[in-house]
Amino acid sequence: MIFVTVGTQLPFPRLVREMNRIAGQICEPVIAQTCDDLADYQNLIVEPYMNSERYSDVIEQARVVVAHAGIGTVLAARQAQVPVILVPRRANLGEHRNDHQEGTVRQLLGRPGITGVWDTAKLAELVKSDLPAPDTHSVSGPALEGLVTTLRSYIG
(Lines give C-alpha, C1' and ligand atoms only; values in the text may rest on other atoms or scores of the structure.)
Protein backbone atom coordinates (compact mmCIF):
# COMPACT_ATOMS: atom_id res chain seq x y z
CA MET A 1 0.00 0.00 0.00
CA ILE A 2 1.11 3.54 -0.73
CA PHE A 3 0.37 6.30 1.77
CA VAL A 4 0.09 9.90 0.59
CA THR A 5 0.06 12.58 3.26
CA VAL A 6 0.01 16.35 3.01
CA GLY A 7 0.14 17.22 6.69
CA THR A 8 -2.60 18.81 8.76
CA GLN A 9 -2.43 22.46 7.79
CA LEU A 10 -2.92 22.84 4.03
CA PRO A 11 -4.25 20.80 1.12
CA PHE A 12 -1.67 19.99 -1.57
CA PRO A 13 -3.71 19.47 -4.76
CA ARG A 14 -0.70 19.22 -7.11
CA LEU A 15 0.63 16.20 -5.22
CA VAL A 16 -2.72 14.52 -4.59
CA ARG A 17 -3.94 14.95 -8.20
CA GLU A 18 -0.78 13.31 -9.51
CA MET A 19 -1.06 10.43 -7.04
CA ASN A 20 -4.73 10.00 -8.03
CA ARG A 21 -3.60 9.68 -11.66
CA ILE A 22 -0.90 7.16 -10.72
CA ALA A 23 -3.28 5.16 -8.51
CA GLY A 24 -5.50 4.62 -11.57
CA GLN A 25 -2.58 2.90 -13.33
CA ILE A 26 -1.34 0.53 -10.63
CA CYS A 27 -2.71 -2.48 -8.80
CA GLU A 28 -1.91 -1.29 -5.31
CA PRO A 29 -4.17 0.60 -2.89
CA VAL A 30 -3.29 4.23 -2.26
CA ILE A 31 -4.53 5.85 0.93
CA ALA A 32 -4.40 9.64 0.94
CA GLN A 33 -4.65 12.02 3.89
CA THR A 34 -5.64 15.12 1.90
CA CYS A 35 -6.52 17.88 4.40
CA ASP A 36 -9.44 18.62 2.06
CA ASP A 37 -13.02 17.55 2.84
CA LEU A 38 -14.39 18.62 -0.55
CA ALA A 39 -11.95 17.08 -3.03
CA ASP A 40 -13.02 14.04 -5.04
CA TYR A 41 -10.26 11.63 -6.00
CA GLN A 42 -11.71 8.55 -7.68
CA ASN A 43 -8.60 6.34 -7.50
CA LEU A 44 -7.62 7.03 -3.91
CA ILE A 45 -8.88 5.89 -0.54
CA VAL A 46 -9.32 9.37 0.91
CA GLU A 47 -9.24 10.27 4.57
CA PRO A 48 -9.05 14.07 4.78
CA TYR A 49 -7.84 13.97 8.38
CA MET A 50 -6.41 11.23 10.59
CA ASN A 51 -5.82 11.07 14.30
CA SER A 52 -2.27 10.22 15.36
CA GLU A 53 -3.07 6.56 16.03
CA ARG A 54 -4.61 6.03 12.57
CA TYR A 55 -1.75 7.97 10.95
CA SER A 56 0.86 5.76 12.65
CA ASP A 57 -1.02 2.58 11.70
CA VAL A 58 -1.20 3.58 8.04
CA ILE A 59 2.49 4.52 7.89
CA GLU A 60 3.48 1.20 9.46
CA GLN A 61 1.46 -0.69 6.84
CA ALA A 62 2.74 1.33 3.88
CA ARG A 63 5.29 0.10 1.36
CA VAL A 64 6.19 3.73 0.64
CA VAL A 65 5.07 7.15 1.89
CA VAL A 66 4.66 10.05 -0.53
CA ALA A 67 4.47 13.36 1.30
CA HIS A 68 4.98 17.08 1.54
CA ALA A 69 8.33 17.88 3.10
CA GLY A 70 7.11 17.87 6.69
CA ILE A 71 9.71 16.77 9.20
CA GLY A 72 7.09 14.96 11.30
CA THR A 73 6.29 12.72 8.34
CA VAL A 74 9.98 12.08 7.74
CA LEU A 75 10.48 11.04 11.36
CA ALA A 76 7.37 8.84 11.40
CA ALA A 77 8.42 7.06 8.20
CA ARG A 78 11.93 6.60 9.54
CA GLN A 79 10.62 5.14 12.77
CA ALA A 80 8.41 2.71 10.80
CA GLN A 81 11.36 1.95 8.48
CA VAL A 82 9.32 2.92 5.42
CA PRO A 83 10.91 4.81 2.51
CA VAL A 84 9.56 8.30 1.93
CA ILE A 85 9.32 10.34 -1.26
CA LEU A 86 9.21 14.05 -0.43
CA VAL A 87 7.54 16.56 -2.73
CA PRO A 88 8.13 20.07 -1.40
CA ARG A 89 5.38 22.66 -1.64
CA ARG A 90 6.47 25.59 -3.80
CA ALA A 91 5.84 29.22 -2.99
CA ASN A 92 5.87 30.26 -6.66
CA LEU A 93 2.88 27.92 -7.23
CA GLY A 94 0.98 29.38 -4.25
CA GLU A 95 1.37 26.18 -2.23
CA HIS A 96 3.09 27.82 0.74
CA ARG A 97 4.25 31.21 1.94
CA ASN A 98 7.94 30.46 1.29
CA ASP A 99 10.22 27.68 0.04
CA HIS A 100 11.34 26.24 3.37
CA GLN A 101 10.16 22.77 2.28
CA GLU A 102 12.55 22.84 -0.68
CA GLY A 103 15.36 23.61 1.78
CA THR A 104 14.24 20.73 3.99
CA VAL A 105 14.37 18.28 1.09
CA ARG A 106 17.81 19.50 0.01
CA GLN A 107 19.12 18.95 3.54
CA LEU A 108 17.69 15.41 3.69
CA LEU A 109 18.77 14.20 0.25
CA GLY A 110 21.32 11.43 0.34
CA ARG A 111 20.00 9.90 3.53
CA PRO A 112 18.89 6.28 3.15
CA GLY A 113 15.16 5.95 2.60
CA ILE A 114 14.59 9.57 1.58
CA THR A 115 13.98 10.61 -2.02
CA GLY A 116 13.16 14.15 -3.11
CA VAL A 117 11.06 15.06 -6.14
CA TRP A 118 10.43 18.53 -7.49
CA ASP A 119 8.70 17.40 -10.69
CA THR A 120 5.58 15.34 -9.94
CA ALA A 121 5.85 13.73 -13.40
CA LYS A 122 8.67 11.62 -11.92
CA LEU A 123 6.49 10.21 -9.13
CA ALA A 124 5.04 7.30 -11.12
CA GLU A 125 8.43 5.76 -11.78
CA LEU A 126 9.50 6.20 -8.16
CA VAL A 127 6.38 4.79 -6.49
CA LYS A 128 6.61 1.71 -8.70
CA SER A 129 10.25 1.10 -7.76
CA ASP A 130 11.72 -0.73 -4.80
CA LEU A 131 13.09 2.10 -2.68
CA PRO A 132 15.52 1.46 0.17
CA ALA A 133 14.23 1.70 3.71
CA PRO A 134 15.60 4.36 6.05
CA ASP A 135 18.61 3.52 8.16
CA THR A 136 17.37 3.92 11.71
CA HIS A 137 20.93 3.76 13.01
CA SER A 138 22.20 6.71 10.96
CA VAL A 139 21.60 9.34 13.65
CA SER A 140 24.80 10.18 15.45
CA GLY A 141 25.86 12.48 18.20
CA PRO A 142 24.05 13.42 21.41
CA ALA A 143 22.75 16.75 20.07
CA LEU A 144 21.14 15.12 17.04
CA GLU A 145 19.72 12.28 19.16
CA GLY A 146 18.26 14.89 21.53
CA LEU A 147 16.64 16.74 18.65
CA VAL A 148 15.07 13.56 17.28
CA THR A 149 13.78 12.62 20.75
CA THR A 150 12.29 16.07 21.27
CA LEU A 151 10.63 16.10 17.85
CA ARG A 152 9.23 12.60 18.37
CA SER A 153 7.70 13.59 21.71
CA TYR A 154 6.25 16.72 20.15
CA ILE A 155 4.55 14.97 17.21
CA GLY A 156 3.36 12.02 19.27
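Cys27 is exposed, because its relative accessibility is 88%, whereas Cys35, at 5% relative accessibility, counts as buried. Here buried means under 20% relative accessible area, exposed means over 50%, and partly exposed lies in between, with a 1.4 Å probe and protein chains only. The structure holds zero disulfides, a disulfide being a pair of cysteine sulfur atoms within 2.5 Å.

The model is predicted, so local features need pLDDT of at least 70 and side-chain atom pairs count only at pLDDT 80 or more, while totals for chains, interfaces and linings use all residues. Residues are numbered from 1 along each chain as its sequence is written, and side-chain values use heavy atoms, with hydrogens and water left out.

The chain contains six helices and six strands. Helices (H or I, at least four residues) and strands (E, at least two) are DSSP runs, numbered from the N terminus. Read from the N terminus on, the elements follow the order β-α-β-β-α-β-α-β-α-β-α-α. Of the 156 residues in the chain, 46% are buried. The accessible surface of the chain is about 8,300 Å², and carbon and sulfur atoms account for 50% of this surface; such areas come from the Shrake-Rupley method with a 1.4 Å probe, and for residues only the protein chains shown count as cover. Among contacts in the chain with a separation of 6 or more, 55% join residues 24 or more positions apart, where contact means heavy atoms within 4.5 Å.

Helix H1 is largely enclosed by the rest of the structure, because eight of its eleven residues are buried. These buried residues are Arg14, Leu15, Val16, Glu18, Met19, Asn20, Ile22 and Ala23. They pack against strand E1 (2-5), strand E2 (30-33), strand E4 (64-67) and helix H5 (123-128).

Val16, found in helix H1, counts as buried because its relative accessibility is 1%. Leaving aside neighbours within four places in sequence, Val16 is in contact with Val6, Thr34, Tyr41 and Leu44. Val16 and Leu44 are 28 residues apart in sequence, and their C-alpha atoms are 9.0 Å apart in space. Asn20 also belongs to helix H1, which spans residues 13-23, and Asn20 is buried, with a relative accessible area of 14%. Not counting residues up to four places away in sequence, Asn20 touches Tyr41, Gln42, Asn43 and Leu44. A polar atom of the Asn20 side chain lies 3.4 Å from the backbone nitrogen of Gln42.

The nonpolar interior comes next. A nonpolar core is a set of buried Ala, Val, Leu, Ile, Met, Phe, Trp, Tyr and Cys residues joined through side-chain atoms within 4.5 Å. The largest such core has 25 residues, of which Ile2, Leu15, Met19, Val66, Ile85 and Leu123 touch the most other members. E1, H1, E2, E4 and H5 each supply at least two residues of this core, and its largest share, five residues, comes from H1. Val66 touches Ile2, Phe3, Val4, Thr5, Leu15, Met19, Ile85, Val87, Leu123 and Val127, not counting residues up to four places away in sequence. A second, separate core of 20 residues includes Met1, Phe3, Ile59 and Val74.

Terms used: A polar contact is a pair of N or O atoms within 3.5 Å; within protein, one must be able to donate a hydrogen and the other to accept it, and residues adjacent in sequence count only if both atoms are side-chain atoms.
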